[in-house]
Amino acid sequence: MTTEACSRQPINRGRVIILCGVSGSGKSTVGQALAKRLGWHFIEGDSFHPHTNIAKMQRNEPLNDSDREPWLYRLRDEIKNCLAQENQTVLACSALKARYRAILCLDCRVNFVFLIGKHDLLRQRLTQRAQHFMGPDLLNSQLDTLELPQHGLIVDINQPVPVIVELIVSWLASKKNGCQRPG
Ligand SMILES: Nc1ncnc2c1ncn2[C@@H]1O[C@H](COP(=O)(O)OP(=O)(O)O)[C@@H](O)[C@H]1O
Ligand SMILES: O=C(O)[C@H](O)[C@@H](O)[C@H](O)[C@H](O)COP(=O)(O)O
């Protein structure tokens with residue numbers, strides 16, 4: 001994305017906040033609460049996985065780059081639609097690697113928030129979570145895959161959901177529609 005492309009984007013018209021992090025970091029929980037707080041749309045990134053990916057994770061096999069590619073491009077199309085329709089949207093999507101985030105970062109109106117936590121807390125939350133295809137067994141692989149971001153907001157998950165939501169809301173208010181690189 002060039003500076004010129006950036007400066008062409010209208011301020012505060014269509015915006016997508018992507019909540020990233022490993023499985024169990026709270027992307028869906030915080031994402032839904034954030035969307036409700038802001039009155040924005042919420043999109044669950046897991047819903048865009050091909051069924052083969054879900055089946056693989058259910059078998060406790062980690063996804064690889066090739067598995068994730070079609071999923072990321074489906075999400076990219078979805079983000080493109082949101083921006084074209086000027087929808088304000090919160091998207092929950094692990095986006096573990098910088099190159100995945102680059103696929104999703106269409107322009108300055110897409111911003112990333114990272115939910116970061118310690119292994120023990122993540123494992124505990126994954127173990128307690130009911131009725132989900134992903135258990136705790138892929139946590140090590142998720143953490144190994146995670147490339148910590150150089151840009152965006154990083155939030156410690158060891159605090160209540162409403163506190164996390166307000167941190168994100170304050171950050172958004174402070175940054176308006178400023179450019180953020182996808183790394
Ligand atoms: N900040 C938090 N405090 C306490 N429990 C949380 C918090 N965030 C998420 N949880 C719980 O942790 C589990 C995993 O959260 P979830 O939103 O499913 O994570 P993800 O979407 O990143 O896999 C859920 O049972 C959820 O209720
Ligand atoms: O790229 C991946 O390996 C997956 O997207 C993964 O990161 C994601 O976490 C799963 O889809 C499980 O879903 P939850 O994140 O909701 O546990």
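## Helix α2 on the sheet

Let's start with α2, which lies across β1, β2, β3 (88-92) and β4 and runs at about 170 degrees to β3. Contact here means C-beta atoms, placed from the backbone, within 7 Å. Axes are lines fitted to C-alpha atoms, for helices over the stretch in contact, with angles from 0 to 180 degrees between N-to-C directions. Helices (H or I, at least four residues) and strands (E, at least two) are DSSP runs, numbered from the N terminus.

This is a predicted model, in which local features need pLDDT of at least 70 and side-chain atom pairs count only at pLDDT 80 or more, while totals for chains, interfaces and linings use all residues. Residues are numbered from 1 along each chain as its sequence is written, and chains are lettered from A and ligands numbered from 1 in the order in which they are written.

## The sheet itself

The sheet is open, with 5 strands in the order β2-β3-β1-β4-β5 and parallel pairing. At the edges sit β2 (41-44) and β5 (153-156), each pairing on one side only. Neighbouring strands are turned by 20 degrees against each other on average, direction ignored.

Take β1 (residues 15-20) and β4 (residues 110-116): they pair in the parallel sense over 5 bridges, where pairing calls for at least two DSSP bridges. V16 stands opposite V110 in β4.

## α2 meets α8

The axes of α2 (residues 27-38) and α8 (residues 161-175) come within 9 Å and cross at roughly 60 degrees. That makes α2 oblique to α8; angles under 35 degrees count as roughly parallel, over 145 as roughly antiparallel, 65 to 115 as roughly perpendicular and the rest as oblique. The crossing is right-handed, meaning the near helix is turned clockwise from the far one by less than a right angle.

On the α2 side, T29, V30, A33, L34, R37 and L38 meet V161, I164, V165, I168 and V169 of α8. By class, that contact has 9 nonpolar, 1 polar and 1 charged residues. Ala, Val, Leu, Ile, Met, Phe, Trp, Tyr, Cys and Pro count as nonpolar, Asp, Glu, Lys and Arg as charged, and the others, Gly among them, as polar.

## Around the two ligands

Ligand 1 has 17 residues around it, and G26, K27, S28, T29 and R125 come nearest; a residue is near if its C-beta atom, placed from the backbone, lies within 6 Å. α2, α6 (119-128) and α8 each give two or more residues to this shell, with the largest share, 4 residues, from α2.

Ligand 2's surroundings include K27, S28, D46, R68 and Q142. Its shell has 4 nonpolar, 5 polar and 3 charged residues.

Notes:
Two residues are in contact if their C-beta atoms, placed from the backbone, lie within 7 Å.
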